[in-house]
Amino acid sequence: SVEKELVGKGGFQELDQVSAAKPFCKSTFQIRNIRDAPRTLSMAVHEAMSGVPGGVYVDVPADVLFSRTKITSDTISSGIKFISQDMFRMTINEAALSKAIAVFFRAKRPLVIFGKGAAYSRAEAELQNFVKLTGIPF
């Protein structure tokens with residue numbers, strides 16, 4: 001987005017992108033200082049993968065994007081404390097799955113739509129097999 005110093009002055013492509021993205025994202029973030037990038041990106045990944053996974057928006061103003069700073073291992077390690085391997089493990093809600101299967105079998109014209117969760121769980125082979133066995137459009 002536009003440089004921070006041009007906000008409110010009619011800068012080229014000035015738009016409050018964080019506010020504009022809020023209705024469409026699980027959360028929005030803005031990196032206001034390059035030193036905050038590791039922490040902000042860590043929080044964004046954590047938010048995207050926690051609970052119900054969902055898209056997040058991270059705005060990086062042009063002056064921050066092109067700024068420079070010295071990165072140390074302390075800077076990085078202090079920023080990534082929000083990310084853990086556990087957040088990438090997906091779990092199944094058995095009751096919701098049973099309900100979805102019942103609705104699916106009652107459908108007159110079923111359609112399968114695959115989302116990013118299928119890619120995250122590496123379920124390509126299972127999905128191909130499911131489509132082949134059922135003949136349902138996707």
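Student: Why is phenylalanine 105 called exposed?

Tutor: Phenylalanine 105 has a relative accessible area of 64%. Exposed means over 50%, buried under 20%, and partly exposed in between (1.4 Å probe, protein chains only), so phenylalanine 105 is classed as exposed. The model is predicted: local features need pLDDT of at least 70, side-chain atom pairs count only at pLDDT 80 or more, and totals for chains, interfaces and linings use all residues. Residues are numbered from 1 along each chain as its sequence is written, and side-chain values use heavy atoms, with hydrogens and water left out.

Student: How many aromatic pairs are there by the rule?

Tutor: The count is two. In one of them, phenylalanine 104 and phenylalanine 105 are 5.4 Å apart, centre to centre, with 75° between the planes. Ring centres of Phe, Tyr and Trp (its six-membered ring) must lie within 6.5 Å; planes under 30 degrees apart are stacked, over 60 edge-to-face, and the rest tilted. This pair is therefore edge-to-face.

Student: What makes the pair of phenylalanine 104 and phenylalanine 130 tilted?

Tutor: The centres lie 5.7 Å apart and the planes stand at 45°; this angle falls between the two cut-offs, so the pair is tilted. Phenylalanine 104 belongs to helix α5 and phenylalanine 130 to helix α7 (residues 124–134), 26 residues apart. Helices are DSSP runs of H or I with at least four residues, strands are runs of E with at least two, and both are numbered from the N terminus. Phe104, Phe105 and Phe130 form one aromatic cluster.

Student: How do you know whether serine 27 is buried or exposed?

Tutor: Serine 27 has 18% relative accessibility, which is under the limit for buried, so it counts as buried. The residue lies in strand β1 (residues 27–30).

Student: What makes the link between the side chains of serine 27 and glutamate 47 a polar contact?

Tutor: The distance is 3.2 Å. A polar contact is a pair of N or O atoms within 3.5 Å; within protein, one must be able to donate a hydrogen and the other to accept it, and residues adjacent in sequence count only if both atoms are side-chain atoms. The pair therefore meets the distance limit.
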